[in-house]
Amino acid sequence: LKNKSSVFYYHAMLIPGVVLLLIFSIMPMFGLIMAFQTFNPILGFFQSPFVGLDNFKAVFTNSEITQAMYNTLVIAIIKIILQMLVPITFAILLNECRLLWFKRGVQTIVYMPFFLSWVIVAEMFSHMFALNGMVNTMLMALGFKNPIMFMASNLWFQPIVIGVDVWKNFGFNAVIYIAAITGIDPNLYEAADIDGATRWQKVKFVTLPGIISTVVLLGVLSIGGILNAGFDEIFNMYNPLVYKSGDILDTLVYRIGIGQLQYSVGTAVGLFKSVVSFVLITVSFKLAHKFAGYRIF
Amino acid sequence: LKYSHLRRITFADIIISVILIGIALLCLIPILNTIAISLSNKTPADLGIVFLWPIQFTPIAYMEMIKDSQFFTSFGISVQRVLEGATLNVLITILMAYPLSKSKYVFKSRNKYMWFLLFTMLFNGGLVPTFLLITKLHMINTMWSLILPGAVPVFNVLVLMNFFRDIPSSLEEAAYMDGANPLYILWKIYVPLSLPAIAVITLFSAVGHWNSFFDGLIYINLTSKMPLQTYIQNLTVNVDWGQASNMSKEDLVRALTMSRTTFNAAKVIVSMLPLLVLYPFLQKYFVKGLTLGAVKE
């Protein structure tokens, strides 16, 4: 089915999308030149003075930026680990439950938070953890003297951000493990039964080995997200009192680049992040291909 | 049936069920709490004594909200955005996925396009250059700024492309012999055969557009043109962080916990209403979608 006129149609079908990508994805990449200039919107890209790598020096010397980089790594790594442990545990528990309608019901409820917007989720939790929120009222009822300012505390902000992320997304993340467990050959369980395996032994020697390849693959692929600590979530939950523990690279780029109109520094921080992410994602794809035969296309 | 289904209910079964019920409750409590607050009187809501059931039941927050015409304007803008944005997303996805599902022997340039798509997926110009581009294109305060930058969902293109690949090529060849052109073949053979996948992609696009707030925040600065999530975000974060450095810690804390509690809760509930209403009906598509884009082995 190789034919000139078909090929013409193929190109024509791809053109609208390619043009949109050229404008909205490729064009901004030329703007990255700002990272090497002291960009002045009036002078434009061609007249603004070049300053070499000065803007990048800020990335490594400005304490605000290094703090944000540290926060990004801590929050993202803990999120990645918990977003594997919690969904795997949940998937195994669900698999151990044999009442079909009960399983369905639990799944329906647990997947729902994934579809809510971060604006709404952040608003709900900010209020629950507020001074006059449900959590503090409960703590006082349990005998605590003073309410805790969760949302204004550098001690509590990171655990809350991570916990809320787990709340919203663990159901979504469990689906893939549930699918992997469903794919395990039932004969293995029967064989284990005949050998007199206990329930726990079946989990340990059949279920877990059955999903370990999925776990490894997703673990490797998640390396690429190590600089993504979740902009939407943190942007909607943080405030100046918790910049020290909650500010991440993305929120900082927004405040520097759009808030304070320091286009060049904002772009430099963003470019630094893009390049590191690009390398990490490429490496993770390579590793995933090598160890699990994963292909993107 | 496996005999394990007939096994007696053990102590472990009860423990597992209790844990699963606990998990499901944890997922529901923040939502139920918000509903209860939205239906409570201002005083108990501000005192934080409302848990899962309204205290001094009153629909006043909702009645107050009906008076806020901007809320409904923004609601309408979001609906328009979902309709236009998701349609454009899906059209482009279908148009691009089809030629890319051809092998490189049929469509020689295929791999060049693939590398181009992959590159735009892995690397981007970042926030500041994109923002400046949208400004330069005079798209600030227009619907275009919300729809066009994300018009090509590259990941969905790859998902649908893989779906198209599994459709037997003999169908296409038969139609081709009858003189059908590729556009006709796509529309009459490929699209009808992959409706479940297209439904899922459409739903995820629609949810994405409905939930998105950040583009509305930076590209729309007239309140009258804001989509719903951005409007709500503006309401709840009604503290100007630019001024924050001038505020005392007490002022900040007060700003964070300011009342309007029941009113904001009502807005949150109404804005998630479309999803809560549709979710039970669309759940099977949603859940299918969670595995559709998942790992291919």
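Over all chains, the count comes to twelve salt bridges, a salt bridge being a side-chain nitrogen of Lys or Arg within 4 Å of a carboxyl oxygen of Asp or Glu. This is a predicted model, in which local features need pLDDT of at least 70 and side-chain atom pairs count only at pLDDT 80 or more, while totals for chains, interfaces and linings use all residues. Residues are numbered from 1 along each chain as its sequence is written, chains are lettered from A and ligands numbered from 1 in the order in which they are written, and side-chain values use heavy atoms, with hydrogens and water left out.

Side chains of opposite charge can pair when their charged atoms come close. Within chain A, Lys57(A) and Asp54(A) form a salt bridge with an N to O distance of 3.4 Å. Both residues belong to helix 3 (residues 54–61) of chain A, where they sit three residues apart, about one turn of the helix. Helices here are DSSP runs (H or I, at least four residues; strands are E, at least two), numbered from the N terminus.

Between chain B and chain A, the rule finds two salt bridges. Asp13(B) pairs with Arg199(A), with 2.9 Å between the closest N and O atoms. On the side of chain B that touches chain A, helix 1 (residues 11–38) of chain B gives the most, with 18 residues. By class, that side has 79 nonpolar, 22 polar and twelve charged residues. Ala, Val, Leu, Ile, Met, Phe, Trp, Tyr, Cys and Pro count as nonpolar, Asp, Glu, Lys and Arg as charged, and the others, Gly among them, as polar.

The contact (heavy atoms within 4.5 Å) takes 113 residues from chain B and 102 residues from chain A. About 9,700 Å² is buried between the two chains, 79% of it from carbon and sulfur atoms; buried area is the accessible area (1.4 Å probe) that two parts lose on being put together, summed over both.

One part of the picture is a helix pair: helix 1 (residues 4–30) of chain A packs against helix 10 (residues 182–193) of chain B at about 65 degrees, with axes 9 Å apart. Ser6(A), Tyr9(A), Tyr10(A) and Met13(A) there meet Pro182(B), Leu183(B) and Leu186(B). Axes are lines fitted to C-alpha atoms, for helices over the stretch in contact, and angles run from 0 to 180 degrees between N-to-C directions.
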